[in-house]
Amino acid sequence: MTPITITKENFETEVLRSELPVLVDFWAPWCGYCRRISPVLDQLAQQYDGQLIVGKINIDEQPELEEQFGVEIIPTLFLFRNGVASEPIVNPGSKAQIVEWAGL
């Protein structure tokens, strides 16, 4: 599966009500590091298909969600389990670091 696009309109359904954990990436198209880490998130979506959903929130298009979660630096990742957000990881350095942080 590929990452899904999350908006304020589908956030509750796709993230808060999801039966699977949801890894949410706050990003923007102008962010170079966001573009570099994007293939890692694609790999995680494929590798953990059926166990994890990977979603992306474009902060330029969804400023309300950015503000709601206090995102100041991107990329910032949250892991939602049963509608509850984890502590975020900001600017993860590697796939291994994301996997360890997420407990995958």
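Me: What joins the side chains of Asp25 and Lys56?
Reply: Their side chains are joined by a polar contact of 3.1 Å. A polar contact here is a pair of N or O atoms within 3.5 Å, where within protein one must be able to donate a hydrogen and the other to accept it, and where residues adjacent in sequence count only if both atoms are side-chain atoms. Please keep in mind that this is a predicted model, in which local features need pLDDT of at least 70 and side-chain atom pairs count only at pLDDT 80 or more, while totals for chains, interfaces and linings use all residues. Residues are numbered from 1 along each chain as its sequence is written, and side-chain values use heavy atoms, with hydrogens and water left out.

Me: OK, and where is Asp25 found?
Reply: Asp25 belongs to strand β2, which covers residues 22–27. Strands (E, at least two residues) and helices (H or I, at least four) are DSSP runs, numbered from the N terminus.

Me: Is Asp25 buried or exposed, and why?
Reply: Asp25 counts as buried because its relative accessibility is 0%. The cut-offs are under 20% relative accessible area for buried, over 50% for exposed, and partly exposed in between, computed with a 1.4 Å probe on protein chains only.

Me: Which residues does it touch?
Reply: If we do not count residues up to four places away in sequence, Asp25 touches Leu41, Gly55, Lys56, Ile57, Pro75, Thr76 and Leu77. Contact means that heavy atoms lie within 4.5 Å.

Me: What about the rest of β2, how many of its residues are buried?
Reply: Six of the six residues are buried, so β2 is largely enclosed by the rest of the structure. Both of its faces are covered, with Val22, Val24 and Phe26 buried on one side and Leu23, Asp25 and Trp27 buried on the other.

Me: Which strands does β2 pair with?
Reply: β2 pairs with strand β3 (residues 53–58) in the parallel sense over six bridges, and with strand β4 (residues 76–81) in the antiparallel sense over five bridges. Two strands pair if DSSP finds at least two bridges between them. On the β4 side, Leu23 has Leu79 as its bridge partner, and Val24 stands opposite Phe78. On the β3 side, Asp25 stands opposite Lys56.

Me: How does the chain cross from β2 to β3?
Reply: The chain goes through helix α2 (residues 32–47), and this β-α-β crossover is right-handed. Right-handed means that, with the strands pointing away from the viewer, the path from the first strand over the helix to the second runs clockwise.

Me: Switching to β4, what else does it pair with?
Reply: β4 pairs in the antiparallel sense with strand β6 (residues 89–90) over two bridges, and Leu77 stands opposite Ile89 there. Two bridges also join β4 to strand β5 (residues 84–85), again running antiparallel, and in β5 the bridge partner of Phe80 is Ala85. β4 and β5 form a hairpin with two residues between them, and Asn82 in the turn has a positive phi of about 55 degrees. Five of the six residues of β4 are buried, so β4 is largely enclosed by the rest of the structure.

Me: And α4, which of its residues are buried?
Reply: In helix α4 (residues 95–102), the residues Ile98, Val99 and Ala102 are buried. They lie on the same side of α4 because they cover an arc of only 100 degrees around the axis, where the arc is that of the directions from the helix axis to the C-beta atoms. On the other side of α4, Ala96 and Glu100 are exposed.

Me: What covers the buried ones?
Reply: The cover over the buried residues of α4 includes β2, α2 and β4.

Me: Zooming out, how many helices and strands are there?
Reply: The chain has four helices and six strands, and from the N terminus on its elements run β-α-β-α-β-α-β-β-β-α. Of the 104 residues of the chain, 47% count as buried.
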